[in-house]
Every structure is written in structure tokens, then in C-alpha cells.
Amino acid sequence: MSHSSFSASRRKLLLASAAAGGAYLLPGLRNAVWAAGSDAPEKASLRVGFIPLTDCAPVVMAAVKGFDKKYGLTLQPSKEASWAAVRDKLTSGELDAAHALYGMIYGLQLGVAGPQHDMASLMTLNNNGQAITLSSQLKAQGVTDAASLKRAVAAQPKGALTFAHTFPTSTHAMWLYYWLASAGIHPFDDVRTLVVPPPQMVMNMKIGNMSGFCVGEPWNQRAISDNIGFTVATSQQIWPDHPEKILATRAEWVKTFPNSARALTAAVLEAARWIDASDDNRRETAAVLAQRAWINTRVETLEGRMLGQYQDGLGKSWQETHPMRFFHDGAVSFPWLSDGMWFLTQMKRWGMLSAEPDYLAVARQINRIDIYKQAASAVGNVALPQSELRSSTLIDGKVWDGSDPAAYAAGFALNRQEKQK
């Protein structure tokens, strides 16, 4: 986006703020006084959870590169063992915020991913960069794509093949289910699924616990490097530039610490922009993340796919046109309402919700566009979209734009009507 477009967006934001009786800080004015009081974070030391995945990068680099200090914070990234642990520590208050699964936060809001809690998404951390890996045993049987997998599934008893994802309402569950269904494979009736924490995926496939998994990087590349699997589909092939992880917290936390929420979002947003600014910054990020404190893997396992350099383990290599993105002129970071609503449509499709939710109302409650806009103003030169909804075409040709979520959810031939137990 051009500088004039940035300026127009910021002027529009400032005018809207003034009309609402609020105040937004421009660069260089971060120590100014807000209309409602001091702009200083109410809580300056924040514990932010993360799972060892490439897409935790904005949270980690916000702390490593000192972007947190710029906004009056000290971030303490906390490595967690599983998404269930992130959920429990986030809802109990042990974590202030977290690198989190979009679907987990929406599931918590509706009480289907654990006890109901009012949640908040402050920004999107990344688009793209996940994948579905199939085992070398399936490759030896001639399975190399969705069509050959369907034949392999049909040739065996129902549920003979097992696939893993990361959490019952995770992005990875939804990518896996959507991809299987697009190939005519019912993810509940034709195969078996189970939950495995991301860092344990490769080892579980190695010992034969599953025939495939869907997870974030670097674990798909690691399966190729360890010669135990191959990439059959990337998540960006399922939905180009799809929403992935988010910076999440509890709604009550935002209410109690609104300045801290804004400062945290600004620090992570600026880190995301820094990562996306150059390949050198991405390489530096990969070198940091590879260290034991973060992901604890070889740099080369991280770096290739972070730079969009893909190989599938079947002999194909390519430069990805929809690589993992962290900022992309603000288009990644904005908490689009339609992104959150999409996960609700899939929960309804697969029987996780027994009743039709108020899709737009739930998304407005969780996705804190107000906090995001304050943070974007504090960071400066962050483009803001004209609409809070966006349009995408997925792998099966269906267009998702958030305009009629109930019809979209009901429009799939493969679904699961009864509520999942």
C-alpha cells in the first residue's frame, strides 16, 4: 500500500477516535497522555505462552529484539508442552496472553474446547505455513496425493488409518478435515483421528501411531528430513493466505489491563513487521527459533520453509507463492471478523456445535479490532482495511466471504449432523 493510502487510513482512524472521544498515539508521542488517562501499561511484565512452532516467531522476536521495551513492557515467553496446557494456563490467568490456535479460542468462547470463558483475539500472528504429512509407509503403498489416499482408505476397514491433529477445535483439525472431505474422505466415518502435541508428531509417526498428521512447521519439514514422511498438501493449498495463530487472552484481562493489551499488541505487531521486512530478518528469526530455548531443532529445518522454499519429499521443489507471512502490509495482522466466523462454520459442519451460533456477534466479541487499531496507530504506518470481512476461495472451489455463514456451514455434502460427544 502507498504512503498516501497509509496516511489516509491513519487520518480516518484518528478522526473516528476523536469522534468516539478516545485518543490514539502517533509515533513519537507514546509518552503522551490519553484522553482517558495515562498511556502506560497497567501491568508491565507479561508472561506470554507459546508452543514450539515457527509461527510463534512474532512473540519470541518481540522479546528478543526489544520491541517490548519500546512499548513499556517486559515479555516473558513461556514454552508450553501442548495446546491443552496453553488453554488451561490462559484461562486460569497463569499466562497473561499466548500464541494460540484460532479455533481453540473460539471453542472456549462457546464452551466446546473446555469450560466456557470469554476470550479475546488481539491480532493474527501469521497466515499459511502449516501442512499435512503422510507416512513413508503410505508412500510405499503408492499413496502420493488425495486421490490415491482415497483409494487406500476405501481398500481398508473403516477407521484403519489414523490421522493426528493438535487440538479438537484447532486450525489443524479444520485443515485436515477440510482437505480429507474435499477428497471425498469423511474425517469421522472413514478414518480415525487423535490429538498429539506438535513437538511429538514426528516421533509418533516414526513409531507407527499414525499414517498422517496436520501440524505447523517445522514438524512437516522435520518428517521429510528424518525420512519418515512427505508433504501431501500445504495448508495454503487448502486456503491461500488463511488465518492461523492469533495473539490471544481473556476478555477480562483486556478489560482489566487495556493499556497493557494495546502495548502487547503493538510490540508483537512491530516484531511481525520486522520479520516480514527482509529475507535476512527471516534468516535471523530462524536462527533464533532453532535454539534450545525456543523450538530446539536444526536451523536448516526451519529456514527453508520460512523463506518459502519448499520440497515435498517426493522429489518436487518450489518457491511458495503463499509462504508463511507475519505482516504483509498489515493484511495478516488485522483480526478479520470473517476469519473467526469461518472456524465457527466448520465447528457447526462437524457437529461440535448443536445450535447455530450468532456468527458475526461471536466474532465481534472475540476479535478486538478496537485494541488492534490502537496498537496499529501506536506502531505507525500500518494499513487498515476498509472492511472487517474478506473473501477467499478454498480448495473445493467454495467462496468464503462471511456474508451468509449459516448457509455456508450447511452447504457441504460431507458433514456430521449429530453433536460430537
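Visitor: How many disulfides does a search of the whole structure find?

Guide: A disulfide is a covalent bond between the sulfur atoms of two cysteines. Here the term stands for a pair of cysteine sulfur atoms within 2.5 Å, and a search of the whole structure finds zero. Cys-56 is in no disulfide, for the nearest cysteine sulfur, that of Cys-214, is 17 Å away. Please note that this is a predicted model, in which local features need pLDDT of at least 70 and side-chain atom pairs count only at pLDDT 80 or more, while totals for chains, interfaces and linings use all residues. Residues are numbered from 1 along each chain as its sequence is written, and side-chain values use heavy atoms, with hydrogens and water left out.

Visitor: Is Cys-56 buried or exposed?

Guide: Buried means under 20% relative accessible area, exposed over 50%, and partly exposed in between (1.4 Å probe, protein chains only). Cys-56 has a relative accessible area of 0% and is buried. Cys-214, at 1% relative accessibility, also counts as buried.

Visitor: How many residues of helix α2 are buried?

Guide: Helices (H or I, at least four residues) and strands (E, at least two) are DSSP runs, numbered from the N terminus. Helix α2 spans residues 57-64, and seven of its eight residues are buried. They are Ala-57, Pro-58, Val-59, Val-60, Met-61, Ala-62 and Ala-63. After α2 comes Gly-66, with a positive phi near 80 degrees.

Visitor: At what angle do the axes of α2 and α14 cross?

Guide: Axes are lines fitted to C-alpha atoms, for helices over the stretch in contact, and angles run from 0 to 180 degrees between N-to-C directions. The axes of α2 and α14 (residues 279-289) come within 11 Å and cross at roughly 90 degrees. Angles under 35 degrees count as roughly parallel, over 145 as roughly antiparallel, 65 to 115 as roughly perpendicular and the rest as oblique; α2 and α14 are therefore roughly perpendicular.

Visitor: Which residues of α2 meet α14?

Guide: Contact means heavy atoms within 4.5 Å. From α2, Ala-57, Val-60, Met-61 and Val-64 meet Thr-285, Val-288 and Leu-289 of α14. For the classes, Ala, Val, Leu, Ile, Met, Phe, Trp, Tyr, Cys and Pro count as nonpolar, Asp, Glu, Lys and Arg as charged, and the others, Gly among them, as polar. This contact of α2 with α14 has six nonpolar, one polar and no charged residues.

Visitor: How do α13 and α14 pack?

Guide: Helix α13 (residues 258-276) packs with α14 at about 115 degrees, their axes 6 Å apart. That makes the two helices roughly perpendicular. Trp-274, Ile-275 and Asp-276 of α13 meet Asn-281, Arg-282, Glu-284 and Thr-285 of α14. By class, the contact of α13 with α14 divides into two nonpolar, two polar and three charged residues.

Visitor: In what order do the five strands form the open sheet?

Guide: Two strands pair if DSSP finds at least two bridges between them. The order is β4-β3-β5-β12-β6, with mixed pairing. At the edges are β4 (74-79) and β6 (119-124), each pairing on one side only. Strands β3 (residues 45-50) and β5 (residues 97-101) run parallel and are joined by two bridges, and Gly-49 stands opposite Ala-98 in β5. Helix α2 packs on this sheet, touching β3, β4, β5 and β12 (245-250), and its direction makes about 135 degrees with that of β4.
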